[in-house]
Amino acid sequence: MSQSALRRLPAWQALQQHAAVLGDKHLRQLFADDPRRGETFSVEDVGLYLDYSKQRIDADTLRLLRELATACELPQRTEAMFRGKRINRTEDRAVLHVALRAPRGEQILLDRHDVVAEVHEVLDRMAAFADRVRSGSWLGHTGKRIRSVISIGIGGSDLGPVMAYEALRDYSARDLTFRFVSNVDGTDLLEATHDLDAAETLFIVCSKTFTTLETLTNAHAARDWCVQALGDEKAVAKHFVAVSTNAVEVKKFGIDTAHMFGFWDWVGGRYSMDSAIGLSTMLAIGPEHFREMLAGFHAMDEHFRHTPYERNLPVLMGLLAIWNNNFLDAATVAVLPYEQYLKRFPAYLQQLTMESNGKHVTLEGTTVDYATGPIFWGEPGTNGQHSFYQLIHQGTRIVPCDFIGFAQSLNPLGQQHDLLIANLIAQGEALAFGKSADEVRAEGTPEALVPHRSFAGNRPSNTILAQKLTPHALGTLVALYEHSVFVQGVIWGIDSFDQWGVELGKQLAKTTIAELTAKDEPKLAHDSSTNTLIRRYRQWR
C-alpha cells in the first residue's frame, strides 16, 4: 500500500524524524534544560490559561506542527468554515455553528442570505418563551404554573443540554426541576416522570426532523402519560413544545407551531447546544446568562480565527493532540475536570470528538493509513484518583490528560477547594516527573517493593485554568474543544461534520424490531449468532 498524501508531506516526515530524535527524552530533562519552561509553554487568553509545558515537546516540535498545519491548509479551511463554504462535503452542507453565537448585527452569508438575523429571531422567541415559563405566566392545561421541565432528545440533542444544565446548575432557577430523557429504554422516561405532576410539567421534544426513532418513541410515551393524567388531548398544546423544523409532524403531534423553535441543517447535532436545542438551558439559567454563554463561545471563535498559531489555544490543543496520537502513539485522552459541576463534560466531549473524527477515509474517500480520532474518556477529580489514575500513572499505556480547574469555587466550604486544586496540580506534576527507583530507595523502601513504588513519569498533560465557572467560561471551554477537533480533522483530511457510522446499526434495527415482535415465527436470514439471539429473545419475551 502506497503512502497517503498526508504521510508524504515533508512536514509530516519531518515530524516523524523529529519524534525519533526527541524519542523518549524525559520531561525531567526538558524542564532541567529550560528552567522557565512552565512560562514558555503556556498561553492565556479569553479567560483561559493553558499550561502545556508538561507535553513531551520542545520548540522544534511546535514549529514543525505549525508547518504541518500550514501544509494542510488550516488557514484556508478555517476561513472557509467561517464564510459558510460547504466544507461538510459528504452532505454538501455549510458548517456554521459559529453563527449561533455571532452578535446581533454581525453578518454571515450563506447562499447570499444572512443567517445571523435568523439566529437572533429564534433566540428572541426562545427568550420570550423562557421568561413566560420562569415568571409563571405560562400556565398548563389546568391553570397551574410549570414547575418541572423534561427535555427529550438523543445524541447532540441531549448531551449538550444535559452537560450545560449540570455545568451551570449554580445559575439555574431552583424553583424549577429539570430532567432529561434520551434512552429508548422505558426506564429512562418512567424514572423521569414518576414523582411529577403532569399538570405542572413541560416537555421539550428535540428532533430536527421530528422523526428520530428514539426521541419520537419517548415523546409519544410522554404524550400518553400527560393525556392520561389530564384527561384531555388538548392538554398537549400547553405541555409540549418542539425544537424542530418539521411543522407538519409537530402540528400532527398536537404542538402549536407557534411554540416550535427551529434550527438549520448547517448546525450539526453535536455542535447545537447553543441553538434552540439549548432551550432547556435557557429555561434553567435565563436568557441573560444564556447570552453570556454565547458571548463566551464567540470570544473563542474570534480568538481561533484571528490569533497567530503560536498563541492560539484551539490550534495548540489540536496540534498537540496530533503529536500525541500520531507520533507518540497515544490512542486515548483523559479529560479530568476538577469541578463537580462539569461531571458530564467528558461524556459531552466523547460525542464531540469521537463522532467528529472517528473516520477511516479522507474527504476524497481514500482509506487513511494513520490513526485518526483518539478515544476520549474521563471523570471528575478527585473521584478518578481513587479509580483509574492507577493505570494512568503506572500502566503500560500512555494516556495524555487534560486537567481542568477553576481558581474560585462557586460553593466555598472550608479549605475544600484549595485541596481540590492542590490535587489537580499535584497529579500533573506526578505524571510528568514520576519517582525514580533511587528516590524510592532513599525513602527507606525495602528493595522488593522498589519496583512497585516507582513511577516512570514522562506522561503528558495539559492544564486548563479559568478564574470561575461562569456561563461565559463554559462557552469558551466548549468552543476551545470544538475548534481543536476541527484542527485535528483538517490535518487528517477527514470530514469532521458527518456521522455515517451511526446509520448502519439503526437501519438493521428496523428489520430486527419487526422480527422480535412478529406474531408468527419470522423467517430469519441473518448470521447464526443474530438468528439465535432473536429466537432466544422471543422465547424469553
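Is Asp197 buried, partly exposed or exposed? Asp197 is partly exposed, with a relative accessible area of 32%, where buried means under 20% relative accessible area, exposed over 50%, and partly exposed in between (1.4 Å probe, protein chains only).

This is a predicted model, in which local features need pLDDT of at least 70 and side-chain atom pairs count only at pLDDT 80 or more, whereas totals for chains, interfaces and linings use all residues. Residues are numbered from 1 along each chain as its sequence is written, and side-chain values use heavy atoms, with hydrogens and water left out.

The structure holds 32 salt bridges, a salt bridge being a side-chain nitrogen of Lys or Arg within 4 Å of a carboxyl oxygen of Asp or Glu.

| Salt bridge | N to O distance |
|---|---|
| Asp124 and Arg104 | 2.9 Å |
| Lys144 and Asp197 | 3.1 Å |
| Arg179 and Asp195 | 2.6 Å |

In the pair of Lys144 and Asp197, Lys144 lies in the loop between helix 7 and strand 5 (148–152) and Asp197 in the loop between helix 9 (186–193) and strand 7 (201–206), so parts that are 53 residues apart in sequence are tied together. Helices (H or I, at least four residues) and strands (E, at least two) are DSSP runs, numbered from the N terminus. Lys144 is partly exposed, at 37% relative accessible area.

Arg104, by contrast, is exposed at 53%, while Asp124 is partly exposed at 32%.

Beyond these pairs, Arg101, Asp274, Asp301 and Glu482 are joined in a network of salt bridges.
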